[in-house]
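Visitor: I am new here. Please walk me through what I am looking at.

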Amino acid sequence: MKAIRFHNFGDADILKLEETPKPIIGANDVLLQIKAAALNHLDLWVRSGAREKNIPLPHIPGSDGAGVIAEVGSAVDFFKVGDKVLISPGISCGHCEMCLGGTDNLCRSYHVLGTKEDGTYSEFVKLAATNVLPIPDGLDFNQAAAIPLVFLTAWHMLVGISKIKPGEAVLVHAAGSGVGSAGIQIAKLFGAHVITTAGSEEKLKKAKTLGAVDVINYKEKDFVEEVKRLTNKRGRLVTCGATSDYDGKIDLRFVYAKHLTLYGSFMGTKRELIDVLRFFKKGAGNVQLQPVVDSVFPLEKAVEAHRRMEERKNFGKIVLSI
Ligand SMILES: [Zn+2]
């Protein structure tokens, strides 16, 4: 099968289109013929070797994908060959107390597809049958691949952890990012007043079409002062990553005096992905969620796709069509 692989860590140029053996599935697995794979920032860190550790080499990156089931393991009776599915990218043991309690993203062995095993920049990928879900009606493969990781992350942050309520103000950083473009829509779905930031007027315009009310160009305005003005200087902060830098500084006097709360968030549960997918279906209500596809590249143009993300040119998801 054809796949994009790298044999050592480095910049985008190390991504090569190669011929590799098709995976062999076990009794509880499915073999998915990938039609579309979507990029995440995680892919850049896996490729560079700078943050993600213990990546086996050579390696096929990619966490998000959608396609058609090509083979079904002998113990799997809930999917059949030909079913159109998207990937639920959180991999966990499936039998510990966290997994059985419905909080699989807290499993000790939890990780994201495409880090410890081969991912989705490929014609085929092997997955546990519990790691795929039917594609909501009306979505094509490119749109379906653009949903899982970012909508799951944003849903877990806003709904699972922060428990947002109608009328609350929500600041979503980086409107153009995958998680940002998903977060704006989910916050709006719950009746929140959405404030967002981006580095260009074009991105801010798009953010408004997704439901943001107040938009701040962080290159022109001090977003901290703007947000203080728009809100009552109080809040709870949820963070799901540190793309531009790791180090932040907190003055503890403000944490207690202003009743501030700081949450860490990583991915979300399998159940939360099922929950968020409901809002992509027709008839779920007046407000629908929509996958935000920035651009579609053929698989062999993975290098260009990575560069587009590194240069922050995208608004929403960059997809590889296979
Ligand atoms: Zn587990």
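Visitor: Which residues does Phe 190 touch, not counting residues up to four places away in sequence?

Guide: Contact means heavy atoms within 4.5 Å. Leave out residues up to four places away in sequence, and Phe 190 touches Trp 155, Val 159, Ile 164, Lys 165 and Pro 166.

Visitor: What kind of model is this?

Guide: Residues are numbered from 1 along each chain as its sequence is written, and side-chain values use heavy atoms, with hydrogens and water left out. Local features need pLDDT of at least 70, side-chain atom pairs count only at pLDDT 80 or more, and totals for chains, interfaces and linings use all residues: the model is predicted.

Visitor: Where is the place of Phe 190?

Guide: Helices (H or I, at least four residues) and strands (E, at least two) are DSSP runs, numbered from the N terminus. Phe 190 is in a loop. That loop lies between helix H5 (178–189) and strand S11 (193–198).

Visitor: How does Phe 190 count by relative accessibility?

Guide: Buried means under 20% relative accessible area, exposed over 50%, and partly exposed in between (1.4 Å probe, protein chains only). Phe 190 has 26% relative accessibility, so this residue is partly exposed.

Visitor: How many residues are in the largest nonpolar core?

Guide: A nonpolar core is a set of buried Ala, Val, Leu, Ile, Met, Phe, Trp, Tyr and Cys residues joined through side-chain atoms within 4.5 Å. Phe 151 and Leu 320 have the most contacts inside the largest one. Phe 151 is in contact with residues including Ala 182, Ile 186, Val 276 and Phe 280. The number of residues in that core is 87.

Visitor: How many residues of helix H1 are buried?

Guide: H1 covers residues 41–48 and is mostly covered. Among its buried residues are Leu 42, Trp 45 and Arg 47. What covers the buried residues includes strand S3 (29–38), strand S7 (111–112) and helix H10 (302–310).

Visitor: Which residue takes a positive phi just after H1?

Guide: Its phi is about 75°. The residue is Gly 49.

Visitor: What is phi near in Met 267?

Guide: Most residues other than glycine have a negative phi. Met 267 sits in the loop between strand S14 (261–264) and helix H9 (270–277). At 4% relative accessibility, Met 267 is buried. Its phi is positive, near 55°.

Visitor: How does Arg 312 count, buried or partly exposed?

Guide: Arg 312 also has a positive phi, near 55°. The residue lies in the loop between H10 and S16. Its relative accessible area is 45%, so Arg 312 is partly exposed.

Visitor: What is omega for the peptide bond that joins Leu 57 and Pro 58?

Guide: Most peptide bonds are trans. The bond between Leu 57 and Pro 58 is cis. Pro 58 lies in the loop between H1 and strand S4 (64–72). Omega is about -10°.

Visitor: How many salt bridges does the count come to?

Guide: Side chains of opposite charge can pair when their charged atoms come close. A salt bridge is a side-chain nitrogen of Lys or Arg within 4 Å of a carboxyl oxygen of Asp or Glu. By this rule the count is 14.

Visitor: How far apart are the closest N and O atoms of Arg 308 and Asp 294?

Guide: The two residues form a salt bridge, with N and O 2.7 Å apart. The pair links distant parts of the chain, 14 residues apart: Arg 308 is in helix H10 and Asp 294 in strand S15 (residues 293–298). Arg 308 is partly exposed, because its relative accessible area is 24%. The N to O distance, again, is 2.7 Å.

Visitor: Which helix holds Glu 225 and Lys 228?

Guide: These two residues form a salt bridge, with the closest N and O atoms 3.7 Å apart. They are 3 residues apart, so about one helical turn separates them. The helix is H7 (residues 223–230).

Visitor: What is the accessible area of the nonpolar patch of Leu 237, Ile 250, Leu 252 and Leu 262 together?

Guide: Patches are made of residues with over 30% relative accessible area and no salt bridge; like charges are joined within 9 Å, nonpolar side chains (Val, Leu, Ile, Met, Phe, Trp, Tyr) within 5 Å. Areas come from the Shrake-Rupley method with a 1.4 Å probe; for residues, only the protein chains shown count as cover. Leu 237, in strand S13 (residues 236–239), is partly exposed at 48%. Together the four residues have about 420 Å².
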